[in-house]
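Biologist: I have a structure to go through before the group meeting. Can you put it up and take my questions as they come?

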Amino acid sequence: MKYILFVFFIAFVGEVFSQSELTLPDIYKNGIYSQNRFGPIRWMKDGKGYSSIEKSNNIQGDDIVRYDALSGDRSILISAEELIPSGLSKPLTVADYHWSEDNSKLLIFTNTRKVWRYHTRGDYWVLDLKSRKLSQLGKGIPSATLMFAKFSPDASKVAFVSQNNIFVESLESGKIVKITSDGNEDIINGTFDWVYEEELNCRDGFRWSPDGEHIAYWQSDTKGVGTFYLINNIDSIYSQPIPLPYPKVGGTLSAVKIGVVPASGGETRWFDFPGDPRNNYLARMDFIPNSQEVMVQQLNRRQNTNTVWTANIQSMALSKILVEEDEAFLDIHDNIRWLDGEKFFTWTSERDGWLHLYKVSRDGKTVELVTEGGFDVERISHIDPTSGYVYYIASPDNFTQRYLYRSSLKKGGKAERITPIELSGQNAYQISTDSKFAIHTFQNTTTPPVYSLVSLPNHKIIRVLEENQELKQKYSDLGLNPKEFFKVDIGDVVLDGWMIRPRDFDPGKKYPLIAFVYGEPASSTVQDAWMDGDLWHHYLAKFGYVVISIDNRGTKTPRGRDWRKSIYGQIGILASYDQKAAVEKILQTYDFIDPSRVGSWGWSGGGQMTLNLMFRFPEIYKAGLALAFVSDQRLYDATYQERYMGLLEDNGKGYIDGSPITYAERLQGELMVIHGTADDNVHYQSFEMLVNKLIKFNKQFSMMSYPMRAHGINERENTSLHLRETMKAFWLRSLPAGGR
């Protein structure tokens, strides 16, 4: 039910506007407002330069180039010609690339395939910079089945996953060893099932030991997990069921364990973590540097206790070093860095009410706060033991913006802001290994991303790499009213919001209001950032709609633990009342909004929110558009829903009270529901159950199903065009546009 950034390239056929007008064809089909991106870059080991992918000037293909950070000197490390496999005429298309630790070899990912949301399966090739030899990995293994290939620490071997088994290939001899053999439809080695990928951000499921002699890996046994069937009715004259092991709320989880096997092949030995493997999560596992131990994070099913273990791969002994607990829920963070000869590690926690970085001893007995202050560390950008600093993103004074700070790893003190005050908006950094340089990305709601190379900590711009000036000018030429940020006091709390007014706004008239909602813990809609979805909202505004969005309590914003955990056990409940109270206050505050023409729309969690608002508060919301929604929270996956709602056995009433299907009988306004039948995330079942309930209560509504489209409803020809035409037509039909 995660928030979706709407980057769908579509058009509205038949509309004719002047060149300076904002049109759907220009936004979504013609690429007029598409942004230029930079990278992906990889900082080189010496920290003095970075590599990137660039189009070749000689042939149709990609060069791998290096830039010196200070001078800007450019050199071609690997030309597109060198990426032409023997016997072929075209170079490899570089989807992604990774250097070996010593930068002597390059791993190239190409010919990729989508696995659920991400392209994680394809072919891998290795180019040796010394011999200039280009070799394909996994010869004899089915094409485009390789996943997560990684160099061994000494770059002599590469390990990868194929068809749920792990393989190790020698780069010198080409010999391939299959180090697991029990992988099948039920047993998954070296990667994960759907719910671990979606909700715990687990994809790459194996780790090389620091000496390169062993591989530690996850194994998931999905047998017994409920199977949900997606049905393909359009690619054959007979329907084709697509089985998906998917644990719904209260259902059986995969049994997950972690084992260790010699990289040369042999028997796997398994760690014996306490507790039922089907009612705990092994959420993280990594080797401690320069050791024979892995650190493992074990979450209980309620996801309110995270037990941290060290596990020795020789003796298989377990040691409990830290237990993190919360009355509500815990999130997993990937900010662990070992310090002082592996005597300490960094750890992220909300234990003082704010999200902060701590320094913890290896035995867990001492815990010291590093990022001191009454603010959240939104994310860690870089931890540098050599310089003694951690660089991180925070925004103590404006929750819609992000800035770079640093704190000392060795002594307490006030956080030092690095981002200059004039860069008001969102800032992100990819920092070099020695912390002397960073690729800086700046953006705000009227400024598309600007990529620069800066020196640190003085934040001096060395050169601008991409500033999207043409896009900024096109946006400016549209003459749109800017997105206005505001705060709304609903009594218990002050919420952040934004508003877009029609271009020809007349304060003496009353306009219909469309509220764009999300409202769940996975994301936030009110951010001072360049968002492609804003153009859709500006497009609606030109017809005479005022468009707003509000972040209710519980959304993913840096406002402290209490803000985020307030939603626990009441998804769909607290947020609905926050959204309703905010709209009521807005109607009292702005007399140019017509209270008889108020609508809501949202996608995924926002679709659920729209349904809750329409059904609970029909006296306010007269029209609603809900896409890819959960109608009954018991239908969604166990890991996400149980994290925020608790177990079904503990909070059964909350699941019912928070689900919009419970209130379907109250529908009064104009409602349209839209769903893809191949949605592996929020199943089409959720759509059908709500439709069935609305029919039962004789409620009239509009609906649109998109066959074999997934959660983003953007696959196959012309889908996005048809979708947006449908959405636009609904608003013009159901919520009369324009000022009166």
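Biologist: Start with I567: buried or exposed?

Modeller: I567 is buried, with a relative accessibility of 1%. Keep in mind that this is a predicted model.

Biologist: Where does I567 sit?

Modeller: I567 is in the loop that runs between α5 (561-565) and α6 (574-589).

Biologist: Which UniProt domain lists residues 538-735?

Modeller: The UniProt entry, which is unreviewed, gives residues 538-735 as "domain: Peptidase S9 prolyl oligopeptidase catalytic". In the model that span is 41% helix and 17% strand, and its end C-alpha atoms are 16 Å apart.

Biologist: Switching to charges. How many salt bridges are there in the whole structure?

Modeller: The search finds 39. Side chains of opposite charge can pair when their charged atoms come close.

Biologist: Which residues are linked in a network?

Modeller: Salt bridges link D326, E350, D376, R561, D562, R564 and K565 into a network.

Biologist: Give me some pairs. What does K474 bridge to?

Modeller: K474 pairs with E470, and their closest N and O atoms are 3.4 Å apart. Both belong to helix α3 (residues 469-477), and because they are four residues apart there, about one helical turn separates them. E470 is exposed at 57% relative accessible area, while K474 is partly exposed at 26%.

Biologist: And D496, what is its partner?

Modeller: The partner of D496 is K487, at 2.7 Å from N to O. D496 is buried, with 8% relative accessibility, whereas K487 is exposed at 56%.

Biologist: How about R379 and E378, what is the N to O distance there?

Modeller: That salt bridge comes out at 2.5 Å. R379 is partly exposed at 33%, and E378 is partly exposed at 29%.

Biologist: Which residues make up the negative patch on the surface?

Modeller: E101, D102, D154, D211 and E213 gather there. E101 lies in the loop between β5 (96-99) and β6 (105-115). E101 counts as exposed because its relative accessible area is 56%, over the 50% cut-off.

Biologist: Which non-glycine residues have a positive phi?

Modeller: Among them are F148, at about 60 degrees, and N201, near 60 degrees. F148 is in strand β9 (residues 146-151) and is buried, at 12% relative accessibility. N201 is in the loop between α2 (194-200) and β14 (206-208) and is partly exposed, at 45%.

Methods: Residues numbered from 1 in each chain as written. Predicted model: local features only at pLDDT ≥ 70, side-chain atom pairs only at ≥ 80, totals over all residues. Heavy atoms only, no water. Patch = residues over 30% accessible without salt bridge, like charges linked within 9 Å, V, L, I, M, F, W, Y side chains within 5 Å. Areas by Shrake-Rupley, 256 points an atom, 1.4 Å probe, with all protein chains shown as cover. Salt bridge = Lys/Arg side-chain N within 4 Å of Asp/Glu carboxyl O. Lys, Arg positive; Asp, Glu negative; His and termini not counted. Charge placed at Lys NZ, Arg CZ, Asp CG, Glu CD. Helix = DSSP H or I, 4+ residues; strand = E, 2+ residues; numbered from the N terminus. Buried < 20%, exposed > 50% of the residue type's maximum accessible area, 1.4 Å probe, protein only. UniProt positions renumbered as here; feature names shortened; annotations may be inferred.
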